[in-house]
Amino acid sequence: MEMSAALDPVDWLLFSLSRAFRSPLAVFVQIQGCVICLTLAIGWAFAAYVRNREINRMKDAVKCGNSFAFLCHDINELEHTNQVNLPRVTVVMPLKGFGEHNLHNWKSQITSLYGGPLEFLFVVESTEDPAYHAVSRLIRDFKDDVDAKIILAGLSTTCSQKIHNQLVGVERMHKDTKYVLFLDDDVRLHPGSIGALTAEMEKNPEIFIQTGYPLDLPSGSLGSYCIYEYHMMHADDFRRDNYGVVSGLRDGGYSDDMTLAAIAGAHKRLITSPPVAVFPHPLASDLSFSRYWNYLRKQTFVLESYISRVNWLMNRGLFSFHCYLSWGFVAPYFMAAVHIAAALQIYIKGYSYEETTCTTSGLLLASCLAICTLTELLSMWNLTRIEVQLCNMLSPEAPKLSLDYYNWSLIFVALLVDNFLYPISAFRSHFSQSINWSGIRYHLKNGKINKIERNRGRGPKFTDLGGKHLYGKKGAPPKASFLSSLARSLCQWHQPKKYEV
């Protein structure tokens with residue numbers, strides 16, 4: 001007690017925390033944090049290996065004289081006799097709002113070099129949506145080159161507006177369509193993307209969903225296993241309502257991704273992701289923290305929607321597992337900071353280790369965490385480097401992507417902030433059972449939408465990460481800040497998903 005009284009109160013608290021963080025339970029938490037870092041590093045290393053293998057295949061094809069390796073590995077597939085037999089594909093794009101990157105994204109989508117019959121259906125809620133006039137001009141500009149239409153879907157009443165737009169698009173697709181590709185309007189396609197996806201579907205008819213993911217600044221969203229940038233499916237699954245895909249989406253569906261993933265799991269259907277399914281995902285330049293928070297709320301809110309008892313149990317398991325791992329990832333860094341601060345105070349003020357009853361074991365744990373973190377960030381950097389190279393090879397006509405845009409110190413901070421906020425957002429979503437998605441508030445009951453509120457002008461004027469204006473009048477962008485810069489890095493990360501083929 002005399003020693004404790006001789007210490008500064010703040011120092012005494014710091015040393016007490018350092019001692020507490022050397023208990024068996026605290027040591028377990030810190031070792032667990034190291035294991036989580038190394039697990040992420042291994043997962044990213046595997047994803048980098050798969051994508052690097054695709055890069056090498058493309059390079060080998062170019063060496064063999066195939067200058068169109070970004071379209072297909074075998075140049076003979078581009079012969080007319082093969083191209084005329086390609087199946088018809090319908091691309092359905094549900095639109096909401098208009099932002100700084102949308103026009104470029106849409107151009108990359110409709111200028112595909114797919115050689116088979118192809119139609120594009122842009123689906124909007126009404127002519128009042130800013131996207132309607134923008135896409136109308138785009139269609140007029142390309143009317144002689146592509147088969148593209150704009151469809152007015154009207155208001156949804158039993159499901160989310162996005163799902164409603166998708167289902168209206170499916171109803172209007174060509175009668176001979178074999179595959180339907182649902183695209184988000186914030187993704188940029190490569191010229192050969194549709195051809196590559198169709199080839200995989202033709203090669204393996206057992207594929208139920210083929211999906212892909214964005215190339216953006218990674219974060220720690222450990223459970224975003226089914227947040228797809230697109231999904232290609234068999235058109236007949238929608239015509240015949242196979243496995244209940246239409247009824248499952250239409251009758252109270254909130255998230256198309258979660259609903260389709262649940263159906264695939266229930267019927268043991270195959271979900272694949274080819275290694276070339278990596279697409280640039282440009283973010284708005286004026287993001288604010290509030291818009292990031294709404295994005296995170298949407299990511300956690302999907303776990304509140306379900307279509308069956310089994311799906312509910314799976315979502316509860318994901319909810320618990322993700323929350324545990326998120327704070328299990330963040331807690332060791334707080335403990336390591338305490339150990340380092342205690343050691344610095346001992347050094348600066350000249351305390352002896354006997355006087356403070358501190359040991360070097362805390363610094364040893366902090367050092368192990370630092371090594372594991374460095375390994376994790378190196379693996380993340382390597383994956384991003386390879387994906388940037390892959391995207392540049394798949395779109396040789398586009399402006400080159402670069403690693404210069406990535407701030408790795410900020411990404412590390414983003415990992416900590418995202419994982420700290422995830423459980424808070426998850427519990428908020430669980431107890432509220434409602435979410436504002438693109439200006440529409442949805443209420444869930446028993447995992448399905450049972451109430452939709454539209455208060456035009458009283459909700460947000462922008463979507464979250466895409467920065468799209470939801471209404472016709474453009475508002476002034478918020479001022480830049482540290483939080484807005486940080487929010488730009490808090491988006492989906494490069495986890496190996498489902499089955500990579």
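Which residue in E11 is the bridge partner of Arg441? Glu453 of E11 is that partner.

This is a predicted model, in which local features need pLDDT of at least 70, side-chain atom pairs count only at pLDDT 80 or more, and totals for chains, interfaces and linings use all residues. Residues are numbered from 1 along each chain as its sequence is written, and side-chain values use heavy atoms, with hydrogens and water left out.

**View 1. Strands E9, E10 and E11 form an open antiparallel sheet, in the order E9-E10-E11.** Strands (E, at least two residues) and helices (H or I, at least four) are DSSP runs, numbered from the N terminus. Two strands pair if DSSP finds at least two bridges between them. E9 (434-437) and E11 (448-454) are the edge strands; each has a single partner, so one side of each lacks a neighbour in the sheet. Six bridges join E10 (residues 440-445) to E11.

**View 2. Helices H15 (residues 361-394) and H16 (residues 408-432) pack at about 115°.** Their axes lie 12 Å apart. Axes are lines fitted to C-alpha atoms, for helices over the stretch in contact; angles run from 0 to 180 degrees between N-to-C directions. Contact means heavy atoms within 4.5 Å. H15 contributes Thr373, Glu376, Leu377, Met380, Trp381 and Thr384. From H16 come Trp408, Ile411, Phe412 and Leu415.

**View 3. Helix H12 (residues 289-301) lies across E9 and E10.** H12 runs at about 130° to E9.
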